[in-house]
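Hello,

Here is the structure I said I would pass on. My notes on it follow below.

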Amino acid sequence: MDELPGSLGTSASLALRFGQTIFSTAALLFMCLDVEFYSYTAFCYLVTVMGLVVPWSMTLVIVDAYSVFVRCLHHQPRIITIIILGDLALSYLSLAAACTTASTANLLLYLDGSYCPAKLCTRYQLSAAMAFLSWFLSLGSSLFNLWLLPSL
């Protein structure tokens with residue numbers, strides 16, 4: 001079986017997962033550095049979804065790091081399918097969270113600034129941008145693994 005770049009157990013997959021972990025952690029930190037995020041459901045949704053994405057991606061970083069450095073990973077169709085489904089579900093959830101956070105932050109920012117100070121709304125927009133980047137890497141990872149699945 002040829003090794004597909006970006007699929008589970010490759011160095012490209014490790015880079016994708018590591019980037020996903022960094023961006024989802026950054027989105028979570030930018031949102032949670034201020035305690036006012038709980039006032040809006042969209043912001044709470046982003047915190048919840050990124051709270052799910054961080055352990056998922058950290059676990060897969062460990063699996064990828066093990067397989068890259070030890071060079072011992074057996075691709076099993078059931079495990080790859082579970083990883084693909086988990087990635088797709090979390091990527092769609094993170095896309096939805098990033099979109100709602102970005103739109104809510106923009107709405108609050110442009111409503112005369114009375115609902116959200118500019119510095120705070122900018123932090124919320126930055127958190128949404130990090131969530132978009134995390135979504136992009138997660139979707140790429142799931143598509144690479146989906147491409148690997150028929151060859152197993």
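In this predicted model, the buried residues of helix α1 are S13, L14, L16, R17, G19, Q20, T21, S24, A26, A27 and M31. The cover over them includes α2, α3 (77-109) and α4 (118-148). Helix α1 itself runs over residues 11-32, and its 22 residues should span 32 Å at 1.5 Å a residue; the end C-alpha atoms are 31 Å apart, which agrees.

Next, D64, which sits in helix α2 (residues 41-70). Leaving aside residues up to four places away in sequence, D64 touches L8, G9, T10, S13, L14 and R17. Three of these contacts, S13, L14 and R17, are also among the buried residues of α1. D64 is buried but has no salt bridge: R17, the nearest side chain of opposite charge, is 4.1 Å away, and a salt bridge has to be within 4 Å.

Last, the aromatic rings. The whole structure has 2 aromatic pairs. One of them joins Y40 and F43 edge-to-face, with 5.6 Å from centre to centre and 75 degrees between the planes. The other partner of F43 is Y124: the ring centres are 4.2 Å apart and the planes are at 40 degrees, so this pair is tilted. It links distant parts of the chain, since F43 belongs to helix α2 and Y124 to helix α4, 81 residues apart. Y40, F43 and Y124 form one aromatic cluster. Within it, Y40 is partly exposed at 28% relative accessible area, whereas F43 is buried at 0% and Y124 is buried at 1%.

Regards

Conventions
Residues are numbered from 1 along each chain as its sequence is written. This is a predicted model: local features need pLDDT of at least 70, side-chain atom pairs count only at pLDDT 80 or more; totals for chains, interfaces and linings use all residues. Side-chain values use heavy atoms; hydrogens and water are left out. Helices (H or I, at least four residues) and strands (E, at least two) are DSSP runs, numbered from the N terminus. Buried means under 20% relative accessible area, exposed over 50%, partly exposed in between (1.4 Å probe, protein chains only). Lys and Arg count as positive and Asp and Glu as negative; His and the chain ends are not counted. Contact means heavy atoms within 4.5 Å. The expected span of a helix is 1.5 Å times one less than its number of residues. Rings of Phe, Tyr and Trp (its six-membered ring) pair if their centres lie within 6.5 Å; planes under 30 degrees apart count as stacked, over 60 as edge-to-face and the rest as tilted.
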